[in-house]
Amino acid sequence: MELVEAIILSVLAASTPLLIAATGELVTERSGVLNLGVEGMMIVGAACGFGGAWLTGSITLGALCGMAAGTLLSLIFAMMTLGLAVNQVATGLALTILGIGLSGLIGAGFVGERITTAPHLYIPGLTDIPLAGRILFGEDAFVYLSLALIVGVWWFLYQTRAGLILRACGDNHVSAHALGYPVLRIRMLAVMFGGACAGLAGAYLPLAYTPFFIPGMTAGRGWIALALVVFASWKPARLVVGAYLFGAVTILQLHAQGAGIGIPSQFMSALPYLATVIVLVLLSRARTGGSTAPAALGTVFVPDR
Amino acid sequence: MRKTFLAAAATLLLAAGIGSGVSSGALAADKLKVGFIYLGPVGDLGWTYQHELARQALVKEFGDKIETTYLENVPEGPDAERAVEQLVRAGNKLIFTTSFGYMDPTLKVAKKYPNVHFEHCSGYKRDKNMSTYSARWYQGRYIQGQIAAKMSKAGTLGYIGSFPIPEVVSGINATMIGAQSVTPNIKVKIIWVNTWFDPGKEADAAKALLDQGADIIMQHTDSPAAMQIANERGKLAFGQDSEMIKFGPKAQLTSILDTWAPYYIARVKAEMDGTWKQEDTWGGLDSKMFEMAPYTNMPDEVKKMAEDTQAAITAGKLLPFKCPVMGQDGKEVECKAGDHLDDGQILGMNFYVKGIDDKMPGK
């Protein structure tokens, strides 16, 4: 039973950065913008998040620094793709390269420094409940925040007028523009939200996961977040399932190896990705007609003046 | 407005895209130029960092008689060839390429420029102007195995492997042979993460090993994440490549430290004297190709045992792969060097020794 609890706790921690980053990218893509720079925004968020926490001694301020850094970087992307109508794919890739370089530069000053990790919640009585207690009431705040975030995004996208308008921009920017909605401004806000989330997801790594900063520490998690958005077919509920599924397969394969189950480790390491592909195939088979991607995703919009 | 913005964006991209650093300033014709190719960033706190420390030691040793240049974050493969060639064109006469995957690119460039000398780390291909160098880290692993067996209460060690290549496998085997010399029925759990560097995944692997009952963490990956997890949970661990005590003040037992400085200094000196020759160096504790970090977080008697073992290995009295070496299948491994396995057998090791209750991936 203790092992089960330990595994679930590890899965929660492993899935949280993916979920946060993917949530942001989901909103960005729902507005019709494809930002492939998640990895770059994440790593800069990690560097600034760690730097902020190290300088101020506050995890919260660190997280805010990470979010601010991610947002700033996403603004560069917004200016290029929305302001200058540059190709989104190319700009996103450039943003990742920029972010990786920039994070090394920012982080150079505090490589090798240590901070204390984000505290885990402790609610007397509740946290002590066997098994469920530590999972539901005993993780760090980011874990619960990420779930609140995705619920909030779901509510925003499907229950509010603003969310409807955002989705309209993603599906048909010409019509949205004709109706008088400021497509570019809405997209810019969506891109900034994506940047803030990626920054927060990046900051989660040094603040709660492995409390130090090393260049390249995101190790491809931004790309996985991007894949998760497609996996979830741009739907928030599926995103939660996808993120936890991915985290669970990642952790379980480690445990399977430790337990000496004789499956080649290379295959085990590929399992999370295989699971993603399989679910994608199943989803696309079950789908009733048409793609679920926002229709205007990745297309440049230049309003006529 | 649009123009200034474009210019600003271009500058930013340029500033971030080029990950190269050039140290020391003035150019003089009589200075020896020495170049380095690094796999990771200099701040990785592991593999590349140790090479960078050695480069700094060179600068300290020779001062303005040499000029050093390094290129960091150079991916293994075709890009490496361009990077090496770039260093040649910039006038470097001695070039260190510090990762296994630079082997073929280095060889190609070496054939093209016979007047430049190359030093490739941890490979096996050589040419008249290309040497190789590496360290017998398995000697350190043997010591670690003994310490681990003494310190483990559970009798189970946790081992995080990167890739199942001979260097890592020989490390696991040396660890087990060392551990078995203390506790014959010691157990080991092995998790392969299939990466050299992913702090999150390394931490996850460490958690999984501890959750499954191991109480000592050993790693053959590069980040201090596993050390930190052990420290957090009040368990013990060994560092890798560099000093990690900062990340595990209550956890680190010792660490294998890559100390390239003596070798680099010797080679640069040879280059300056005109005595540089192609060589194949595989140094151990005796030639200080690596060192052991101070033995910490252990009782005096364990420390003494470790120091004695280290002294015996250094003196050549103790060979970790002394025959008989029993394979996993219970059969004795052929003894090609009389009383111990020969270098070829260690460099190409692709079997587990007896006592490892696991299957090697891909076997």
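What percentage of the 363 residues in chain B is made up of buried residues? Buried residues make up 50% of them, where buried means that 20 or more other C-beta atoms, placed from the backbone, lie within 10 Å of the residue's own.

## About the model

This is a predicted model, in which local features need pLDDT of at least 70 and side-chain atom pairs count only at pLDDT 80 or more, while totals for chains, interfaces and linings use all residues. Residues are numbered from 1 along each chain as its sequence is written, and chains are lettered from A and ligands numbered from 1 in the order in which they are written.

## Chain B

Let's stay with chain B, which has 11 helices and 13 strands (DSSP runs, H or I of at least four residues for helices and E of at least two for strands, numbered from the N terminus). Its radius of gyration is 22 Å, close to the 21 Å from the globule rule for 363 residues, so chain B is as compact as a globular protein of that length. That radius is taken over C-alpha atoms, and the rule is 2.2 Å times the number of residues to the power 0.38.

Of the contacts in chain B with a separation of 6 or more, 64% are between residues 24 or more positions apart. A contact here means C-beta atoms, placed from the backbone, within 7 Å.

## Where the chains meet

On the chain B side, 38 residues are in contact with 41 residues of chain A. Helix 1 (2-17), strand 8 (187-192), helix 7 (199-211) and helix 8 (225-232) of chain B each give two or more residues to this side. Helix 7 of chain B gives the most, with 9 residues.

The residues on this side of chain B divide into 19 nonpolar, 9 polar and 10 charged (Ala, Val, Leu, Ile, Met, Phe, Trp, Tyr, Cys and Pro count as nonpolar, Asp, Glu, Lys and Arg as charged, and the others, Gly among them, as polar).

## Chain A

Over in chain A there are 12 helices and 0 strands. Buried residues make up 50% of its 305 residues, and 77% of the contacts between residues at least 6 apart in sequence join residues at least 24 apart. The C-alpha trace of chain A spans about 60 × 50 × 40 Å along its principal axes.

## A helix pair in chain A

The contact between helix 1 (residues 2-30) and helix 6 (residues 141-159) of chain A includes Leu12(A), Leu19(A) and Leu26(A) from helix 1 and Phe142(A), Leu149(A) and Val153(A) from helix 6. Its residues divide into 11 nonpolar, 3 polar and 1 charged.

Note on methods: Buried ≥ 20, exposed ≤ 12 C-beta atoms within 10 Å, placed from the backbone. Contact = placed C-beta atoms within 7 Å. Axes fitted to C-alpha atoms, helices over the stretch in contact; angles between N-to-C directions.
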